[in-house]
Amino acid sequence: MVKETRYIKAINEALHEEMARDENVLVIGEDVGGPGGAFGGTRGLLQAFGERRVRDTPISESAIVGLALGAAMKGLRPVVEVMFADFLPVCMDQIVNQIAKTRFMFGGQFTAPLVIRAPGGAGLNAGPQHSQSIEAWFAHVPGLKVVMPATPADAKGMLKSAIRDPDPVLFLEHKALYASAGPIPDGEYLVPLGKADIRRIGKDVTVVTASRMVQHVLDAAETLAAQGTDIEVIDLRSVTPLDKEAIFKSVEKTSRLIVAHEAVKAFGIGAEIAAMVTEEMIDVLDAPVGRVGAPFSPVPFSQEKQYLPNASDVVHAVEKIMAY
Amino acid sequence: MRVAEGNRTPNDDGYLELFRSMLRVRRVEERLLEVFAAGKIPGFIHVSIGQEAVATGVCSCLTPKDTIFTTHRGHGHTLAKGMELKPFMAEIFGRGDGACHGNSGSMHVASSEAGVGGANGIVGAGMPIALGSAFASAFKGDDGVTAVFFGDGASNQGTFHESMNLAALWNLPLLFVCENNGWAQFTSQKSYMKIDSIARRADGYGMPGVVVDGGDVVQVRNAARIAVAQARAGEGPTLIECKTHRWFGHYAGDPQKYRPSDDLDRSRNIDCIASFEKVLMESGLVDQARLDAINEGLRLEIDEAIGHAEASPMAADRQFLNDVYA
């Protein structure tokens, strides 16, 4: 049985279910209580679980995220909402120097089982400080799991897994996906972290992608299929831990790879995956690894459409690699 | 170390235990300076010699179920809170059986057993984490109190202000213990802050702020005792500013060229341990023979811990990767 559910509602359901399951799970953030979150992700939690477990905070990102760490070190399971992923740099020290290093630095005496939820991505004309895709910054930090679900089903199942994970998870939602609907299974289910999903099976080119870009790549796949090119689409779901096996297995079959993401192309996760495949599979490749990403520019307010990589960029990249 | 309630006169064992705790911190750090100078410790260390009364005075009011968070200058707090000396020393020596598997060194020593949530290499970063520890105690109703140590320099970090506000707002069982030694690394307080007293800032957040002579262990303890009692009673946090003295500069080996020599001399003439020893001697609580015995006991304990650290194996090849999960 499946039901159509919006992405934001799927997140909300995951929070409700996990809070009901484990009384140590609590939600902390700006406007998460009465208002139910800036995008509605925490709606109804205050009414269901009370002020003790649903905490509205001052606008103090470092204190909020650090508080989650201290609470997690004492066995609680905090889920922090940071209103926009662009605000994560406000509390960068707590995330990078404290949370990510807690288990390592203290030799396992303390751990940090917490989740930071934050919406990233463009598409709402929110301008340069409310639209960025910054997963690569955090993927570069050992000690953080960075995930970015593309569908409502994954959003729910992965958030539940993240809350149960023994280590910190940065859960990057895409705000332009919040209103999108998709089927989610009835009842209890989990989607594991660190496992990619093959969203389309193909034989000619592997396209690795994530988050909102997945839909653009699937759209491109239709166009390309009509032209006689059959691409395999890998939705990473988790940036770290990276499902290398899924990527390698697919490239073994196709011998061609493109990585497509919404983030700026330069120094992005596409660069890492391209380098990794080149290092370990150069003999298999029939063409240079291609990358699709945004230009090296802040996200513009009014020219988002020109800025954002789309399906036709993916089509062009695939055509190029096929012609090599 | 725990001092029973009611021990408030010079003629009791509580005072002797305060003395022993301070002296233990000093003797450990003196030995650390020696082994560091001899090249036996990798990296660098920061000692708290001159500031021992703060660590001892505050931690004497805490129980094993309470938690502290400390700073790069955290040996004293960590030991006064009750961390065992052997895993502490092995960690500072970078050995595989150190408390943190040799991943941390002096600047990040922690002990879950002793309620030491860790030293921290980032100035001011411990306060938000301590906030969470205090929050967890309030949430669980476990009666625990958290104390976070930080320096005068850290009181200009945003984390101080964010954490003070939230701790007061939520009435959290938290002690903000500012060790004001007058120096933020190489810069004097006068040159970076318009006010003298950091405790005044407490008022801005709706919590009590008190100033004590951080060279007087009894003053520190009395202030901490009141703050701990209030915290435990659900009456919220307190900021305690302890005016104290940093004898050896920012790091071990710091030539302190930035510091006027008369200022340094003045500081080194204020010795929290010597002055307390005088109190104990004059009160008849100790005599020279007792002092010698205490010193000898500490010497043996420290010798044994250093011997243990030196004999401990270095971490196994690439052992550090065992603590990595993502």
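A: Over all chains, the count comes to 38 salt bridges, a salt bridge being a side-chain nitrogen of Lys or Arg within 4 Å of a carboxyl oxygen of Asp or Glu. The model is predicted, so local features need pLDDT of at least 70 and side-chain atom pairs count only at pLDDT 80 or more, while totals for chains, interfaces and linings use all residues. Residues are numbered from 1 along each chain as its sequence is written, chains are lettered from A and ligands numbered from 1 in the order in which they are written, and side-chain values use heavy atoms, with hydrogens and water left out.

One salt bridge joins A:Lys9 to A:Glu13, with the closest N and O atoms 3.3 Å apart. Because these two residues are four apart in helix α1 of chain A, about one helical turn separates A:Lys9 from A:Glu13. Helices here are DSSP runs (H or I, at least four residues), numbered from the N terminus.

Two packed helices are described by the angle between their axes and the distance between the axes. Axes are lines fitted to C-alpha atoms over the stretch in contact, and angles run from 0 to 180 degrees between N-to-C directions. In chain A, the axes of α1 (residues 7–21) and α7 (residues 152–164) come within 8 Å and cross at roughly 30°. α1(A) and α7(A) are therefore roughly parallel, the word for angles under 35 degrees. Their crossing is right-handed, meaning that the near helix is turned clockwise from the far one by less than a right angle. Ala, Val, Leu, Ile, Met, Phe, Trp, Tyr, Cys and Pro count as nonpolar, Asp, Glu, Lys and Arg as charged, and the others, Gly among them, as polar.

Now the interface. Chain A and chain B each give 41 residues to the contact. About 3,300 Å² is buried between them, 65% of it from carbon and sulfur atoms; buried area is the accessible area (1.4 Å probe) that two parts lose on being put together, summed over both. Zero salt bridges are found across this interface.

Helix α3 (residues 61–73) of chain A meets helix α5 (residues 126–140) of chain B, their axes coming within 6 Å and crossing at roughly 50°. α3(A) and α5(B) are therefore oblique. This crossing is also right-handed. The contact includes A:Gly66 of α3(A) and B:Phe135 of α5(B), and its residues divide into 10 nonpolar, five polar and no charged.

Terms used:
Parallel < 35°, antiparallel > 145°, perpendicular 65-115°, else oblique. Contact = heavy atoms within 4.5 Å.
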